[in-house]
Amino acid sequence: MQYEESNMIPLFDVPATPKPKSTTPIWDDLPDCFWEGVELRGDYDMPRIQGIQIDMDRIKDLVAFNKTRHSDISKSFIHFFLHDIHFKVLLRHPQRYLQLFNSAAGILSPDFSLYRNAPLWMQERNCAYNRLVGRYYQRHGITTVATVRWGNEKSFAFCFDGIDKGSTVAIGTHGCIRTKEDRHMFMLGLRELFRVVDPCLVIVYGDIPEEVFAPFIKEYGPQRFLHFTSDIRKTHMITSAKGEN
């Protein structure tokens, strides 16, 4: 079969790659400000959040990012244990929230989801978003605690990278301990967290069932855990109390 010469596409005559507009790394076209002064750690080059050690008496409360308008956050840490849609704006316009976060006692790094059934590249990406955004605000003088989230066991290869050993960390349990399989995977991840990071303090947002946490409290001591009841649980408690009256 013959082809018109004008319709033939050379196999190896590839157009030259355009010169990048910026010399900073390109990842999902994120703003260049995220890459200023970033340190990469581990085999997966996770951005590092500088470890901090916080006295638990300093953390009076946790306030959800989407409820900061109607809350006194001067003595509270802002958390992101929410659906990602509520805070994905931080990836595009992080500078908009500098004033808000500076008015709080501190923040927990954004909890981008790591679903167990999600592709590993997606889990890795969301873990990196967590560290990258957290490090951005930390670099701007905001007290930032690293939030740790793991998916399946494969995520253990990178989900603890970028967190300094012996630092304060935060975890969330809502939606992670519903089934027997959920609880098993959560406990595996918590065990790995202590093995790799050995945090001085673990801030826990959500339920802390005895069957899950008792072994860790017994081994590491209650002083290593600081618990905050989730907003959903608080609502259920109020509703139940009203129903009993």
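Analyst: Ala, Val, Leu, Ile, Met, Phe, Trp, Tyr, Cys and Pro count as nonpolar, Asp, Glu, Lys and Arg as charged, and the others, Gly among them, as polar. Under this division, the lining of the largest cavity comprises four nonpolar, five polar and one charged residue. The structure is a predicted model, in which local features need pLDDT of at least 70 and side-chain atom pairs pLDDT 80 or more, whereas totals for chains, interfaces and linings use all residues. Residues are numbered from 1 along each chain as its sequence is written, and side-chain values use heavy atoms, with hydrogens and water left out.

User: Why are the side chains of Asp164 and Arg48 said to meet in a salt bridge?

Analyst: The term requires a side-chain nitrogen of Lys or Arg within 4 Å of a carboxyl oxygen of Asp or Glu. For Asp164 and Arg48 the N to O distance is 2.6 Å, and the pair qualifies. Asp164 lies in the loop between strands 6 and 7 and Arg48 in the loop between strands 2 and 3, so the bridge ties together parts 116 residues apart in sequence.

User: How do you know whether Asp164 and Arg48 are buried or exposed?

Analyst: Buried means under 20% relative accessible area, exposed over 50%, and partly exposed in between (1.4 Å probe, protein chains only). Asp164, at 17%, is therefore buried, and Arg48, at 15%, is buried too.

User: Which residue meets Asp182 in a salt bridge?

Analyst: Arg116 does, at 3.0 Å, N to O. The pair links distant parts of the chain, with Asp182 in helix 3 and Arg116 in the loop between strand 5 and helix 2, 66 residues apart. Asp182 counts as buried at 12%, whereas Arg116 is partly exposed at 29%.

User: Why is helix 2 called largely enclosed?

Analyst: Helices (H or I, at least four residues) and strands (E, at least two) are DSSP runs, numbered from the N terminus. Helix 2 spans residues 120–139; 14 of its 20 residues are buried, so the rest of the structure largely encloses the helix.

Notes. The expected span of a helix is 1.5 Å times one less than its number of residues.
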